[in-house]
Amino acid sequence: MEKLNTEGSKALFAKTKMYLVEGVASSFHKAADEEYPLCLERGKGSKVYDVDGNEYIDYIGGFGPMLLGYSPEAVNRAVVAQIERGSQLSATTVSLCQLAKKLTEIIPCAERVSFQNSGTEANMHAFRLARAYTGKKKIIKFEGQYHGWADEEKISIDAANVKELGERQAPARLFTTRGQRRETADDIIILPWNDLELLEQVIEQEAGELAAVITEPIMCDSGPILPKPGYLAGLRDLTSHYQVVLIFDEVITGFRVALGGAQQYYGVTPDLAVFAKAIAGGYPLAAIAGKREIMEAGVPAAGTFNANAIAVAASLATIGVLETEQVYPRLEQLGGLFVQGMRTLGETYGIPLFCQAVGSICILMFGLKKGVDDFRHYLTAADIAYYDLFVRKARQYGVRFTARRGRIYLSTEHSEADISRTLQVAERIFAETKNRRAK
């Protein structure tokens, strides 16, 4: 097992930085501790290929959209057919009606739907809907959860340590970029996740001004972290009692844990939900779904490229595959193989790790053998440095994982052979780092 040569990626990155800000189109494309990112030429199925001709088993999945793998045939055919009919019609179409109807059928909370192009935009729209419907302005969000890059969304999404987060009962509002207006946080209340008692205290205190609570039903951006048994149902009960809009951010969980999202998987129906990423098999599309009276609260869905004809075609094709093929049992089978393999290797090499799968999302943390409850627990208990070391070494041997976050995406195109090869790489890394134990 030889390390891959990526000098071509290094050279191209140096050249790209001469023209493109920081050499990447998104801050997601280069980890903070990377000297340079991989420069990729193509992707097919479960693999991606770089400019040096190296092949990688990919678990990043385009940061979530590639549930059907790279360049899926069904989506390709639908997109090519739509290109012949036009890419940007800026009008209602038969296919748009079909997609809207389909989403109301498969998403539990969806009495009406609306469209945007990204998760960021869709969450902005959901915030506005909640405020329009309730006539109130404050919104509760949770530490470590990412709902987009807009000013009032990108607050307390990360921290170097628990001290930065402030007091548990009254967390700090953390900002992550220059140019972000701090006054946008005035209407955002930050709380730790998975704590119903504290949440009820704050909702009761703020009920007169509180429009909504937004949460990832599985905290995927950090960890990931699973909801405690009964937590989501408790959230639903609390928000209903105090007449606060409950928003599920299903940008990641939507279509990945079940066709109807985490709300179907856990049997808890929010008032509003936001979907993106996997909804269109790699094309930019986002949907807001929810109760009719909230969705029709008088907030127009402005945007030139909303429900672009190509993205709509891609979404219909993606859903068609998910509905007609035995996708989810297959993904659970592959996730089980990965989880059991990693647990066995951890025991063999004395590396404490937590590994679990939910639908097509696998969770991997080092330094502990049980999952964590919230972002504070994650920062104190998980060995994030060892995870990043694992990710860097895996890439050298032809396996791509998401940096820092222990979030691993499976696709319908991954195989038992991919899992087996991945576990061989993991074993090689554990053997090489035997003197660098996870804490």
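Good morning. Helices α2 and α10 are roughly antiparallel to each other, a term that applies to angles over 145 degrees, with under 35 degrees counting as roughly parallel, 65 to 115 as roughly perpendicular and the rest as oblique. What we are viewing is a predicted model, in which local features need pLDDT of at least 70 and side-chain atom pairs count only at pLDDT 80 or more, while totals for chains, interfaces and linings use all residues. Residues are numbered from 1 along each chain as its sequence is written, and side-chain values use heavy atoms, with hydrogens and water left out.

Let me give the geometry of that first pair. Helix α2 covers residues 73-85 and helix α10 residues 309-324; they pack at an angle of about 150°, with their axes 8 Å apart. Helices here are DSSP runs of H or I of at least four residues, strands are runs of E of at least two, and both are numbered from the N terminus. Axes are lines fitted to C-alpha atoms, for helices over the stretch in contact, and angles run from 0 to 180 degrees between N-to-C directions.

A second pair is α11 (residues 327-349) and α14 (residues 416-432), whose axes come within 10 Å and cross at roughly 20°. These helices are therefore roughly parallel to each other, and their crossing is right-handed.

I turn now to two loop residues. Most residues other than glycine have a negative phi. S156, however, has a positive phi, near 55°. This serine sits in the loop between β5 (138-142) and α5 (162-165). Is S156 buried or exposed? S156 counts as buried because its relative accessibility is 0%; buried means under 20% relative accessible area, exposed over 50% and partly exposed in between, with a 1.4 Å probe and protein chains only.

F255 also has a positive phi, of about 75°, and belongs to the loop between β10 (245-249) and α8 (262-266). F255 is likewise buried, at a relative accessible area of 0%.

Definitions and conventions:
Left-handed = near helix turned anticlockwise from the far one by under 90°.
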